[in-house]
Amino acid sequence: MLIGEKKIERPFRWGIVGGGKTSQVGYKHRLGAMRDNTSFVLTAAAFDIDFERGREFGKNLCMDETRLYPDYQTMFAEEAKRPDGIEAVDIATPNFLHYEACKAALEAGLHVICEKPLFFEVEQGLEIQKLAEEKGKIVCVDYGFSGFDLLSQMRHMILNGAIGEVTMVDLRYAHGFGCDPTGDTQAEGQMWRVNPAKVGRSFVLGDLSTHTFYMSEMICPQLKLKQVLCDRQSFIKTRAPLEDNAYVLMRYENGAVGRMWASCVNAGDMSSQHIRIVGTKASLEWNDMHPDELRYEVQGQPVQTLIRGMDYLCGDALEYERLGALHYTGLIESWSNLYNRFAVAMDAKNRGDEETLKNLVYPDLAHGIDGIRWINKCVESADKGAVWVDFE
Ligand code: NAD
């Protein structure tokens with residue numbers, strides 16, 4: 001159970017860049033980080049590209065007005081002067097700012113939590129990895145769906161042979177919210193998503209499938225991706241060359257295969273992410289609209305539905321239990337679980353506790369770099385005419 005227990009000595013003083021009043025994702029960060037009051041305390045912010053809007057927002061959240069800043073550069077510089085300055089920062093801005101803000105944060109001696117997709121180039125990821133090592137800091141990535149308890153159960157069952165050898169990985173993050181292109185030219189949160197200078201080389205491959213790809217890595221850590229083949233389309237023509245739909249085939253080192261469907265033009269579909277892992281004896285299936293239920297299908301036997309919070313689950317799936325099995329959880333619990341792990345990682349790094357870091361399952365910098373590689377290799381494959389390309 002996790003009801004007020006402390007996983008670290010005291011919460012980190014935490015700042016945020018972006019995530020202001022109009023942002024899609026800021027609320028999830030704040031709720032995730034401060035759910036238990038034991039991991040992070042929101043202390044300073046450069047919430048918004050529009051300083052006045054950001055300041056008003058911070059005041060409404062009852063924050064100290066003197067710690068609401070016009071930009072992240074000022075925030076890092078001013079907070080560094082204080083004995084009670086921030087120790088960690090969240091980068092929740094549009095994609096093109098992630099790299100420079102992350103670099104500046106590390107240089108200012110802060111642990112970082114960065115939004116996905118991490119950066120545009122793998123080389124940038126490797127450079128940040130080197131800087132983070134030099135500074136002794138942690139960089140986490142907000143694959144916000146990956147904290148659901150039953151994903152830990154899937155990982156446990158797969159690693160313990162409950163489905164046999166994994167043969168097929170079937171992934172999907174395909175919704176219909178991009179069918180209407182009006183937002184492409186009118187909505188603040190959509191305009192940068194269809195602008196290659198701000199979003200990078202891809203739209204839905206980066207915006208959506210990096211989440212589900214990380215979740216597959218987390219659930220099946222034994223699988224190593226060998227090759228991808230991607231075909232991508234811009235059904236809303238003005239989005240080209242950015243795709244609003246993509247199909248990816250995967251080949252893994254051990255002979256397993258997979259597929260990913262990423263789309264924002266899957267009209268009418270509200271069911272979001274589906275993950276089905278097929279093994280030689282059985283399959284596991286989960287989707288994020290019913291995150292508290294995990295289907296376990298053993299060939300030749302009745303289907304079982306495993307329910308979050310029940311005693312028969314593994315320890316990792318029960319570690320963050322707060323509600324009891326009778327009551328349903330949602331996305332914010334997933335984010336809170338992740339933020340707990342982020343805090344544990346930062347605390348372990350501060351204490352030089354490499355053993356804890358080695359055993360902690362969370363989206364770290366290496367997974368963020370895998371996400372960049374995933375996007376770029378899929379785009380490379382598609383742009384060469386949907387051919388197989390090596391993942392590494
Ligand atoms: P958005 O456009 O809705 O919000 C962006 C926010 O950043 C706004 O508050 C804006 O004012 C602020 N901002 C922009 N430039 C800034 C700057 N220079 N300094 C300070 N603030 C600045 O975008 P969004 O949908 O919230 O996405 C932001 C990031 O979060 C993206 O990288 C996106 O991929 C990611 N995201 C992740 C998830 C998830 O589940 N992890 C969900 C949605 C978005």
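Here are some notes to read beside the predicted model, taking the ligand, a pocket, a cavity and a few backbone details in turn.

1. **How to read the model.** This is a predicted model, where local features need pLDDT of at least 70, side-chain atom pairs count only at pLDDT 80 or more, and totals for chains, interfaces and linings use all residues. Residues are numbered from 1 along each chain as its sequence is written, and side-chain values use heavy atoms, with hydrogens and water left out.

2. **Who surrounds the ligand?** Start with the shell of 29 residues, in which Asp 48, Asn 95, Lys 116, Asp 142 and Trp 192 come nearest. To be near, a residue needs a heavy atom within 4 Å of the molecule. By class, the shell has 10 nonpolar, 11 polar and eight charged residues. Here Ala, Val, Leu, Ile, Met, Phe, Trp, Tyr, Cys and Pro are nonpolar, Asp, Glu, Lys and Arg are charged, and the others, Gly among them, are polar. Domain 1 (12–145) and domain 2 (148–324 + 367–390) each give the shell at least three residues; the domain bounds come from an automatic or database domain assignment.

3. Look for pairs of N or O atoms within 3.5 Å. A polar side-chain atom of His 98 sits 2.9 Å from a ligand oxygen atom, and a backbone N or O atom of Gly 20 is 3.0 Å from an oxygen atom of the ligand. For Trp 192, an N or O atom in the side chain lies 2.9 Å from a ligand oxygen atom. Taken alone, the ligand exposes 850 Å², and the protein buries 92% of that; such areas come from the Shrake-Rupley method with a 1.4 Å probe. Strand E1 (12–18), helix H8 (188–191) and H10 are the elements that give two or more residues to the shell. Helices (H or I, at least four residues) and strands (E, at least two) are DSSP runs, numbered from the N terminus.

4. **The second largest pocket.** Its volume is about 760 Å³. Of its 34 lining residues, Tyr 362, Asp 364, Leu 365, Ala 366 and His 367 are the closest to the centre. A pocket is an open set of points on a 1 Å grid over the protein atoms alone, with protein on both sides within 12 Å along at least five of seven lines, and lining residues have an atom within 4 Å of a point. Volume is the space filled by probe spheres set on the points, which are joined across faces, edges and corners. H10 gives the largest share of this lining, five residues. The classes here are 19 nonpolar, four polar and 11 charged.

5. **Where is the largest cavity?** Domain 1 (12–145) and domain 2 (148–324 + 367–390) both contribute to its lining, so the largest cavity lies between them. A cavity is a set of grid points where a 1.4 Å probe fits but cannot get out. There are three cavities of 30 Å³ or more, and the largest has a volume of about 80 Å³. Its lining includes Asn 95, Pro 117 and Arg 201, while H14 gives the largest share, three residues.

6. **Backbone details to check.** Lys 116 and Pro 117 are joined by a cis peptide bond with omega about -20°, and Pro 117 is in the loop between strand E4 (111–114) and H5. Another cis bond runs from Ala 240 to Pro 241, with omega near 5°; Pro 241 is in the loop between strand E7 (225–233) and strand E8 (245–252). Finally, find Cys 62 in the loop between helix H2 (51–60) and helix H3 (72–80). Cys 62 is not a glycine, yet its phi is positive, near 65°.

Notes
Polar contact = N/O pair within 3.5 Å; in protein donor to acceptor, adjacent residues only side chain to side chain.
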